[in-house]
Each structure stands twice: as C-alpha cells, then as structure tokens.
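Please open the structure in your viewer and display the side chains.

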Amino acid sequence: TLNSSITKLNVRLDHMEQQARATEKELDKQKEAAKDSHRRIWQHNDEQDSVLNDHETRITILEKR
C-alpha cells in the first residue's frame, strides 16, 4: 500500500505541476494583454492631448481678435 500511495501522490503532483504551468501561461497572456491595452490607452491619451492643445490654441487666437 505504501507503493500505491507514493504512486498516487506522484500522479497528483504531476497533475498539480501541469496546472501550475497552465496557470502561469495564462497569467503571462493576461499580462501581455494588459500591457498592450495600457499602451493603447496611453497612445489615445497622447492623441487627445494633442487635439486639446490645438483647440486651446484656436480659442486663444479667437479671444485675441
């Protein structure tokens, strides 16, 4: 029974290792997706800053008239 218990434990450990690897891969995918998402958000933010700056310049010119 000791041998069968050790075998069962080894099988369970192997399964847990596979689950841990799968979880780690999924986490890496989520990190990459979040990184890409943040990059796109900041890029959009920079574009909006540029547009707002253009509008402020136009308003300033109109106010001086």
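Select arginine 21, which is partly exposed with a relative accessible area of 48% (buried means under 20%, exposed over 50%, and partly exposed in between, with a 1.4 Å probe and protein chains only). The model is a predicted one, in which local features need pLDDT of at least 70 and side-chain atom pairs count only at pLDDT 80 or more, while totals for chains, interfaces and linings use all residues. Residues are numbered from 1 along each chain as its sequence is written, and side-chain values use heavy atoms, without hydrogens and water.

Arginine 21 forms a salt bridge with glutamate 17, and their closest N and O atoms are 3.7 Å apart (a salt bridge is a side-chain nitrogen of Lys or Arg within 4 Å of a carboxyl oxygen of Asp or Glu). Both residues lie in helix 1 (residues 2-64), four residues apart, or about one turn of the helix; helices are DSSP runs of H or I with at least four residues, strands are runs of E with at least two, and both are numbered from the N terminus. Glutamate 17 is also partly exposed, at 43% relative accessibility.

Next, select aspartate 36, whose relative accessible area of 33% makes this residue partly exposed.

- Arginine 39: its side chain meets that of aspartate 36 at 2.6 Å, N to O. The two residues are three apart in helix 1, about one turn. Arginine 39 is partly exposed, at 46%.
- Arginine 40: the salt bridge with aspartate 36 spans 3.3 Å, N to O. Here the two residues are four apart in helix 1, again about one helical turn. Arginine 40 is partly exposed, at 45% relative accessibility.

The search of the whole structure finds three salt bridges.

Now select the whole chain.

Finally, show the residues by accessibility: of the 65 residues, 0% count as buried.
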